[in-house]
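Work through the exercises below with the sequence and the 3D view side by side, and try each task before reading its solution.

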Amino acid sequence: MRVSTTEQVNEWYGLDSQNRILRAYVESNEDQGWTTSDNLAYTDEWISGASEVSERPALSRLKMDILAWKIDTLLVWKIDRLFRKTSYLLEFIEFLKQHNINFVSKNENIDLSSHTGKLVLTLLGAISEMERSVIT
């Protein structure tokens, strides 16, 4: 989860909303073996999605948890909550693939276990980067 501006905190996609939506999604997939816990929630507050992993404490912790085999699927509310820079997004997705971690974006209904999901992810990542350029 991530927010970078006060406007985002006050809108329907603030951290509480993202957390509630993601937890409900996990619960709706319990029959497929999905579970989570508070220590597997990663929140970067007041940090730009165009920041590198090393500049994002929660994302750095997520990366360490992946290396420690603590997760098998990364669920995000929306792709731009992960990154707003396409190259960072694709680099991180490659890292996930190297460690056999599936990626799911709830809002865009993307599951990288499919070929279509991979294509849509790349396109939406580029759109997120363009939106950030317009915002700044």
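**Exercise 1. Locate Val134, decide whether it is buried or exposed, and find the patch to which it belongs.**

Val134 has its place in helix α6, which covers residues 115-135, where helices (H or I, at least four residues) and strands (E, at least two) are DSSP runs, numbered from the N terminus. Before going further, note that this is a predicted model, in which local features need pLDDT of at least 70 and side-chain atom pairs count only at pLDDT 80 or more, while totals for chains, interfaces and linings use all residues. Residues are numbered from 1 along each chain as its sequence is written, and side-chain values use heavy atoms, with hydrogens and water left out.

The next step is accessibility, for which buried means under 20% relative accessible area, exposed over 50%, and partly exposed in between (1.4 Å probe, protein chains only). Because its relative accessible area is 66%, Val134 is exposed. Together with Ile127 and Met130, Val134 makes a nonpolar surface patch of about 310 Å². Such patches are made of residues with over 30% relative accessible area and no salt bridge, like charges being joined within 9 Å and nonpolar side chains (Val, Leu, Ile, Met, Phe, Trp, Tyr) within 5 Å. The areas themselves come from the Shrake-Rupley method with a 1.4 Å probe, and for residues only the protein chains shown count as cover.

**Exercise 2. Work out the strand order of the open sheet, and explain why β3 and β5 each have a side without a neighbour.**

The open sheet is formed by 3 strands in the order β3-β4-β5, with mixed pairing, and two strands pair if DSSP finds at least two bridges between them. Since β3 (73-76) and β5 (110-111) stand at the edges and have a single partner strand each, one side of each is left without a neighbour in the sheet. Between β3 and strand β4 (residues 102-105), which run parallel, there are 4 bridges. As an example of the bridging, Thr73 has Asn102 in β4 as its bridge partner.

**Exercise 3. Find where Asn100 and Asn109 lie, and describe their phi values and accessibility.**

Asn100, found in the loop between α5 (86-98) and β4, has a positive phi near 55°. With 64% relative accessibility, Asn100 counts as exposed. Asn109 lies in the loop between β4 and β5, and although Asn109 is not a glycine, its phi is positive as well, at about 55°. Its relative accessible area of 68% makes Asn109 exposed.

**Exercise 4. Check the length of α5, then list its buried residues and what covers them.**

The expected span of a helix is 1.5 Å times one less than its number of residues. For the 13 residues of α5 this gives 18 Å, which agrees with the 18 Å between its end C-alpha atoms. Buried in α5 are Thr86, Tyr88, Leu89, Phe92, Ile93, Phe95 and Leu96. The cover over these buried residues includes α3 (57-67), β3, α4 (79-82), β4 and α6.

When neighbours within four places in sequence are left aside, Leu59 is in contact (heavy atoms within 4.5 Å) with Asp44, Val53, Leu82, Phe83 and Phe92.

Methods:
Salt bridge = Lys/Arg side-chain N within 4 Å of Asp/Glu carboxyl O.
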